Amino acid sequence: MPAATVRRLPEYLRALSSLGESGVETVSSETLAAATGVNSAMLRKDLSQLGASGMRGVGYNVAALAAYIAGVLGLTKDSRVAIIGLGHLGQALARYPGFSERGFDIVGLFDADPGIIGKDLDGIQVRDVALLAGAVRDEGINIGVIATPGAAAQHVADLLVDAGVTSILNFAPCVLAVPQGVAVRKVDLAVELQILSFHEHHKTIGQANAEVAT
């Protein structure tokens, strides 16, 4: 399945979940596409690649399509997540309720700072990162979230990989080196702001050029 399609599936699922909560039973490709910010032809192509088809003149069954996409994304069973790095960002992630609502259970919090180890965050105690490997083995942790400073991120990634974790979400401002078969998703908030700055800058230039032309 194309990576671009996979990236859009969570958006389709989010929109379908919202529609279902509103009592909507069927949805057209045009309405679903508008709710996710893609064009309807792309949405139909994505769904056809999944083997999902709607009824002509009726659309897609909201509940059935949501369940199908959830299955494709592997969300039919809860994932067990560890967050490593409990600074401001890590603590915010640990307290974010949206994870559990979408089937991601935060079961482990780890840090190397003695000042943070032992702290209780919404009922979960922060443990020494030295205990990470044992926790992965004993608690069935299958996703690691790295929220450490960049200098510590590779070491944490190595610990996760050595413990058998093959799915990592990296918030640290660095590129991780991992073996083949380990999936890493990188989220760099500063980079996203820089991209927005680019668009803002060039919008300003475009406006200035338009004023000069008039």
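Predicted model: local features only at pLDDT ≥ 70, side-chain atom pairs only at ≥ 80, totals over all residues.
Within H8, the buried positions are Ala153, Val156, Ala157 and Leu160. Viewed down the helix axis, these buried residues of H8 fall within an arc of 110 degrees, and they therefore line one face of the helix. The exposed residues Ala151 and Asp162 are carried on the face of H8 that is turned away from its buried side. The cover over the buried residues of H8 includes strand S3 (79-84), helix H7 (132-139), strand S7 (143-146) and strand S8 (167-170). After H8 comes Gly164, which has a positive phi, near 105 degrees.

In helix H3, formed by residues 40-50, the buried residues include Ser40, Leu43, Asp46, Leu47 and Leu50. Around the axis of H3 they cover an arc of only 125 degrees, which places them on the same side of the helix. Among the elements that cover the buried residues of H3 are helix H1 (3-21), helix H2 (29-36), strand S2 (60-61) and helix H4 (62-72). At the start of H3, the backbone nitrogen of Ala41 has a side-chain oxygen of Asn39 within 3.2 Å, and just after the helix Gly51 adopts a positive phi of about 90 degrees.

The largest pocket holds about 1700 Å³ of space. It is lined by 38 residues, of which Pro10, Leu73, Leu75, Phe104 and Leu169 are the closest to its centre. At least two lining residues are supplied by each of H1, S3, helix H6 (98-101), strand S4 (104-111), S7, S8 and strand S9 (183-186). The greatest contribution to the lining of this pocket comes from H1, with 10 residues.

For the protein chain as a whole, the secondary structure amounts to 9 helices and 9 strands, and the C-alpha trace spans about 60 × 55 × 35 Å along its principal axes. Of the 214 residues in the chain, 34% are buried. Among contacts with a separation of 6 or more, 51% are between residues 24 or more positions apart.

Conventions:
Residues numbered from 1 in each chain as written. Heavy atoms only, no water. Buried < 20%, exposed > 50% of the residue type's maximum accessible area, 1.4 Å probe, protein only. Helix = DSSP H or I, 4+ residues; strand = E, 2+ residues; numbered from the N terminus. Arc of directions from axis to C-beta. Contact = heavy atoms within 4.5 Å. Polar contact = N/O pair within 3.5 Å; in protein donor to acceptor, adjacent residues only side chain to side chain. 1 Å grid on protein atoms, 1.4 Å probe; cavity = no way out; pocket = protein on both sides within 12 Å on 5 of 7 lines; lining within 4 Å. Points joined across faces, edges and corners; volume = space filled by probe spheres on them.
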